[in-house]
Amino acid sequence: MKPETTAIHALQLTQSATGDVTMPISLSTTFLRGEDGGYPGGHMYSRVSNPNRSALENVITALEFGEDSCAFSSGNTAGMAVFQALEPGSHIIAPDDMYWGFKKQLQSIFANTLTFDFIDLTDLSAIAKHIKPNTALIWAETPSNPLLKITDIEALAAICKKHQLIFACDSTFASPSLQNPIKLGADIVMHSTTKYIGGHSDVLGGCLTTARKDEFWEKIKNIQQIGGAVPSPFDCFLLLRSLKTLAYRMKGHCENAEKLARHLAQHPKIAGVYYPGLTSHPQHEIVKKQMSGFGGMLSILVNGDATAARTVVNQVKIFAQATSLGGVESLIEHRASVEGPDTKTPQNLIRISVGLEHIDDLIADLDQALAFV
């Protein structure tokens, strides 16, 4: 089935006594045991599994062409489970431009147990120089946050296979309807389901999908079930509902973002536009190879400094000045101020999550805001 159909029908609901077409919410925290002590309903305790979470994991697994998935209570806990599953003393190679929350995790929570190098993963020739005897994982993020760098997933997968390294890819900016890292050779794909999968800025979550159920994956499953940082049944219900419209929402996000990027690339108040759909993007040909669309995220450099950038985000009327991304509403923010004093993000950079409003209204709103610079 195509992704649009898979998202709706992968669940394959069995007919219930009440004839539900949509999966009901199962709020029970515990489940009946059979006479033999087993669990005939397939579930024991809701922290370990429940019908709604299992359904969500099954649909995401199908959309990502994997063998299994683990849903978590946030994207941060999903990514952290990968780091936790590594042996103490392991070395990680991560991108120089990556979600600041994961970078903070490595630099603070795992500073005494793991070592890591942050490098430019768009330069494949530089990767081998950083591989050490204790290197266990390469963590990629493509498109990256907030500079929209593109990593060649297939090429990086070949490097990881050659050196017997685990390859995990944060595909949050792409969503499963635009990019499937496992099909390109990745071992694990990560999503913050808060973003495009949720799509309405009203549910927090994360997930991991594996290409194979190996020993490392069993460690991650153990962290999920014993650690217990899992989404509620209602969260899973909301995410399942949103997945049914994901492919169509992404088409709208991509169309609006590309039109906005092209407009801003010609704007006299803009010094630069980071968007993989522009032919000026240094990895434009790679993104055409591995994504079915260019995504709904872009970043711009305003002429001037942080003050100029803040002026723009304070003058918009339709865009909401808020953190996060992937919702139907357009969001805008001065990214460096979110990431803190040690950020490498340019002070004049504005990150934009392009929503599903009419593109003419979005363009007009940014034009009037830029007039204040």
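Which residue forms a salt bridge with Glu-258? The partner is Arg-262, and the closest N and O atoms of the two are 2.8 Å apart. A salt bridge here is a side-chain nitrogen of Lys or Arg within 4 Å of a carboxyl oxygen of Asp or Glu.

Before going on, keep in mind that this is a predicted model, where local features need pLDDT of at least 70, side-chain atom pairs count only at pLDDT 80 or more, and totals for chains, interfaces and linings use all residues. Residues are numbered from 1 along each chain as its sequence is written, and side-chain values use heavy atoms, leaving out hydrogens and water.

Back to our pair. Glu-258 and Arg-262 both sit in helix H9, four residues apart, or about one turn of the helix. Helices are DSSP runs (H or I, at least four residues), numbered from the N terminus. Glu-258 counts as partly exposed because its relative accessibility is 23%, and Arg-262 gets that label at 41%. The cut-offs are under 20% relative accessible area for buried, over 50% for exposed, and partly exposed in between, with a 1.4 Å probe and protein chains only.

Helix H9 (residues 246-265) also has a helix to pack against. Its axis and that of helix H13 (residues 359-370) come within 10 Å and cross at roughly 35 degrees; axes are lines fitted to C-alpha atoms, for helices over the stretch in contact, with angles running from 0 to 180 degrees between N-to-C directions. On the H9 side, Asn-256, Lys-259, Leu-260, His-263 and Leu-264 meet residues of H13 that include Ile-359, Leu-362 and Leu-366. Contact means heavy atoms within 4.5 Å.

Now for some other salt bridges; the structure holds 16. Lys-288 pairs with Glu-285, with the closest N and O atoms 3.3 Å apart. These two are separated by about one helical turn, because they are three residues apart in helix H10 (residues 284-290). Lys-288 is partly exposed at 44%, while Glu-285, at 53%, counts as exposed.

Glu-333 and Arg-335 meet in a salt bridge too, at 2.5 Å from N to O. Glu-333 has 4% relative accessibility, so it counts as buried, and Arg-335 is buried as well, at 2%. Salt bridges with shared partners join Glu-333, Arg-335, Glu-339 and Arg-351 into one network.

One last stop is Ala-306, in helix H11 (residues 306-315). Ala-306 counts as buried because its relative accessibility is 19%. Leaving aside neighbours within four places in sequence, Ala-306 is in contact with His-334 and Gln-347.
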